[in-house]
Amino acid sequence: MSELCYFEGKFMPVEECRIPVTDMLIQRGVGTFESIRIYNGRPFGLTPHLERFENSVKTAGINTSEIDIKKIETIIREGLARDDCPKEGMVKPYMTGGDINNPKGHFPKPRFFMIFAPVASAKTQDEIDNGIALLPNRMYRPNPLVKSINYLFGLIPLGQSDGSYFESVYVTPDGEFTEGMTSNFYLVQGNKIITAPVGKVLKGVTRGIVLTLARENGFEIEERCPRESELAKADEAFITGSIKEIVSVVRVGDTTIGNGKPSPIARKIQDLYTANRSRWLE
Ligand SMILES: *Cc1c(COP(=O)(O)O)cnc(C)c1O
């Protein structure tokens with residue numbers, strides 16, 4: 001099934017959707033978005049995604065009177081009810097800066113559009129069976145609470161690498177891991193799961209659910225940045241995101257994690273996530 005788009009009050013095939021080259025999304029990289037998983041025609045974690053979207057839009061200086069969470073929810077449900085909309089996939093609402101940047105840093109006439117796309121599988125069988133590698137990226141992601149369309153500075157190190165990495169992971173100059181390029185990052189030591197606090201990283205919807213499930217199932221959670229010096233002795237590492245769910249990390253840069261194979265706790269968390277899916281379907 002192909003992709004469907006919503007723009008200016010209409011649903012259309014994605015190839016027919018056009019935004020002008022004058023949009024600040026193109027001119028200055030001003031834009032925020034969300035990526036929301038759809039299972040069997042129902043959005044997963046819709047409310048926290050839309051709340052985060054509103055917060056990103058506000059922080060970006062985009063005129064919030066142009067955004068109405070309830071209306072977006074209605075359009076998502078209208079889209080999902082259509083025959084030409086993928087029922088296993090994702091919906092991605094975007095808010096751009098629009099054509100006007102006046103006064104500077106204020107975007108009074110943004111554009112809103114939404115893409116409904118199929119997701120066959122967010123990770124390959126090889127990535128599930130063998131885990132993935134992350135490439136350290138020595139910088140902070142600025143304004144971590146904003147889900148920005150701009151992934152350039154996470155992609156640059158990947159483009160200069162040997163191509164063996166699933167994505168890059170931000171690490172501060174003093175050796176603290178914050179988050180992956182498109183994911184939250186976790187280290188596991190014994191029964192303890194360590195992950196950066198919200199504010200230093202995006203408030204991942206998957207992160208919130210994973211921490212809830214982990215607490216319910218007797219894991220200890222430490223909300224602090226995992227340190228580079230802890231990598232070599234960690235039992236496991238994993239990343240999470242709405243589309244990829246939970247993915248085992250077996251290498252970070254040149255450091256092998258644990259025995260270099262996907263390990264039991266990440267798998268257990270993925271199983272819990274799948275088994276509890278209905279709790280967050282809306
Ligand atoms: C999207 C994203 C995440 C994951 O958030 P989810 O809500 O779990 O999908 C984490 N960090 C960054 C930088 C992201 O863009």
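Predicted model: local features only at pLDDT ≥ 70, side-chain atom pairs only at ≥ 80, totals over all residues.
A polar contact is a pair of N or O atoms within 3.5 Å.

Start with Lys147. An N or O atom in the Lys147 side chain lies 2.8 Å from an oxygen atom of the ligand. Tyr151 also contributes through its side chain: here an N or O atom is 2.5 Å from a ligand oxygen. Ser183 uses its backbone instead. A polar backbone atom of Ser183 sits 3.4 Å from a nitrogen atom of the ligand. On its own, the ligand has 380 Å² of accessible area, and the protein covers 97% of that.

## The shell around the ligand

The ligand takes up the space of the largest pocket. Around the ligand are 17 residues. Those that come nearest are Lys147, Tyr151, Val205, Thr206 and Ser242.

What is the make-up of this shell by residue class: how many nonpolar, polar and charged? Nine of the shell residues are polar, four are nonpolar and four are charged. Three elements each supply at least two residues of the shell: helix 2 (46-59), strand 10 (177-180) and helix 6 (205-216).

## Salt bridges

The whole structure holds 17 salt bridges. One pairs Arg111 with Asp23. Their closest N and O atoms are 2.8 Å apart.

Which parts of the chain does the pair of Arg111 and Asp23 link? Arg111 lies in the loop between strand 6 (89-96) and strand 7 (112-118). Asp23 lies in the loop between strand 2 (10-13) and helix 1 (24-28).

## Backbone details

Two backbone features deserve a look. The peptide bond between Asn102 and Pro103 is cis, with omega at about -10°. Pro103 belongs to the loop between strand 6 and strand 7.

Phi of Asn143 is near 45°, a positive value in a residue other than glycine. Asn143 is placed in the loop between strand 8 (132-137) and helix 5 (152-159).

Conventions:
Residues numbered from 1 in each chain as written. Heavy atoms only, no water. Near = heavy atom within 4 Å. Polar contact = N/O pair within 3.5 Å; in protein donor to acceptor, adjacent residues only side chain to side chain. Areas by Shrake-Rupley, 256 points an atom, 1.4 Å probe, with all protein chains shown as cover. 1 Å grid on protein atoms, 1.4 Å probe; cavity = no way out; pocket = protein on both sides within 12 Å on 5 of 7 lines; lining within 4 Å. Sits in = over half its atoms within 2 Å of the grid points. Helix = DSSP H or I, 4+ residues; strand = E, 2+ residues; numbered from the N terminus. Nonpolar A, V, L, I, M, F, W, Y, C, P; charged D, E, K, R; others polar. Salt bridge = Lys/Arg side-chain N within 4 Å of Asp/Glu carboxyl O.
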